[in-house]
There are 2 protein chains.
Amino acid sequence: MDETTTLEKRWKTLEKNYIIQRPWLTVRCDKVELHNGTVIPDYYVIEYPTWVNTIAVTEDGKMIMIRQYRYALGVYKYELCAGTMDETDASPLETAQRELMEETGFGGGTWQEFMTLSPNPTSMNNLCHTFLATGVKKTGKQHLDDTEDLTCELLDSDTVYDLLQRGEIVQSLMAAPLWKYFKDRK
Amino acid sequence: MDETTTLEKRWKTLEKNYIIQRPWLTVRCDKVELHNGTVIPDYYVIEYPTWVNTIAVTEDGKMIMIRQYRYALGVYKYELCAGTMDETDASPLETAQRELMEETGFGGGTWQEFMTLSPNPTSMNNLCHTFLATGVKKTGKQHLDDTEDLTCELLDSDTVYDLLQRGEIVQSLMAAPLWKYFKDRK
């Protein structure tokens, strides 16, 4: 996929109007012209910061999973440790390391960028970076704020693979890197 | 994950207010009480219909991929054939079969539900169903409306796997089932 093709195919922004700008939600309604000349007068784009999540494996091979209730879908499921990049974070990696420490108290180990995905390139402007952290250890204490209602569990990789196969890891930005992880390993 | 645990952990909706109700965007701002008693006065939920996508494989083993420009992220990438459930669709399967016919002209074959994911259980209330359709054939004609600016390509599975490995299939709801598909096969 070369850059030229993308430029050739891109749609033009004719107007850009912010209709919601609140701390947790920013929505634009753009007027856009497609490559084929069609004009869409009301194309909605939801703006988000960069997101991260981490496949974190401890020194003794346990995978660090988070369990929490997710209100919009009304489910209580296993997830990867995840978060949103703050303005004070120097990089997505720093965000991922900060979130793992805050939510679980684990740090150290070896970190690598594992996968980059789009939550939804049609309607959302951000990317989500997944990191693979191996050999992490408990070096601090969990620090949750009042709105973080979650628990941290250390699971065998077979247990995580079983959850994945049974569709219990339902968030697509976590299921995708976990399937890649187990494809690479098994 | 039993239902009792989910009920125990669920948050209470104290207020439910629709702040945007437009044809392509519905947003609520709820007042919610967490399991730990904390109250969040402004929790945003974006409501969407059920989504579907399909891993479609032709009689001679080619994978049907869609290439289109995605405005919010500004990328032109390969995707699975995908769509949104209409009120007139009897089931997600019917939606998937209708979308494949409309976008590619392919139909028939054997269909199975392959995976169900959440685009984002934190902020979105819908699910996305992936189907695996094998042995499909060209039985009709592509019918695109003016806002569908896309092309359909038949690729070898090795080519799709290469795109996936290189991060060219960037939409998480498609990357996850494709990683599972290749995990199962290779």
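Keep in mind that the model is predicted.

**Stop 1: both chains together.** Show chain A and chain B in two colours. Two copies of a chain are related by a rotation about an axis and a shift along it.

**Stop 2: where the chains touch.** Now look at the contact between the chains, where 53 residues of chain B meet 53 residues of chain A. Several elements of chain B each supply at least two residues to this side, among them helix H1 (3-9), strand S2 (25-33) and strand S9 (110-117). Which element gives the largest share? Select H4(B), which brings eight residues. Colour this side of chain B by residue type and you will find 27 nonpolar, 16 polar and 10 charged residues. Of the interface residues of chain B, 100% are also interface residues in chain A, so the copies meet through the same surface.

**Stop 3: a helix pair.** Stay in chain B and select helix H3 (residues 157-165) with helix H4 (residues 172-185); their axes come within 11 Å and cross at roughly 125 degrees. The two helices are therefore oblique to each other, and their crossing is left-handed. Show side chains for B:Val160, B:Tyr161 and B:Leu164 of H3(B), then B:Ala175, B:Leu178, B:Trp179 and B:Phe182 of H4(B), which make the contact. These divide into seven nonpolar, no polar and no charged residues.

Definitions and conventions: Residues are numbered from 1 along each chain as its sequence is written. Chains are lettered from A and ligands numbered from 1 in the order in which they are written. This is a predicted model: local features need pLDDT of at least 70, side-chain atom pairs count only at pLDDT 80 or more; totals for chains, interfaces and linings use all residues. Axes are lines fitted to C-alpha atoms, for helices over the stretch in contact, and angles run from 0 to 180 degrees between N-to-C directions. Helices (H or I, at least four residues) and strands (E, at least two) are DSSP runs, numbered from the N terminus. Angles under 35 degrees count as roughly parallel, over 145 as roughly antiparallel, 65 to 115 as roughly perpendicular and the rest as oblique. A crossing is left-handed if the near helix is turned anticlockwise from the far one by less than a right angle, and right-handed if clockwise. Two residues are in contact if their C-beta atoms, placed from the backbone, lie within 7 Å. Ala, Val, Leu, Ile, Met, Phe, Trp, Tyr, Cys and Pro count as nonpolar, Asp, Glu, Lys and Arg as charged, and the others, Gly among them, as polar.
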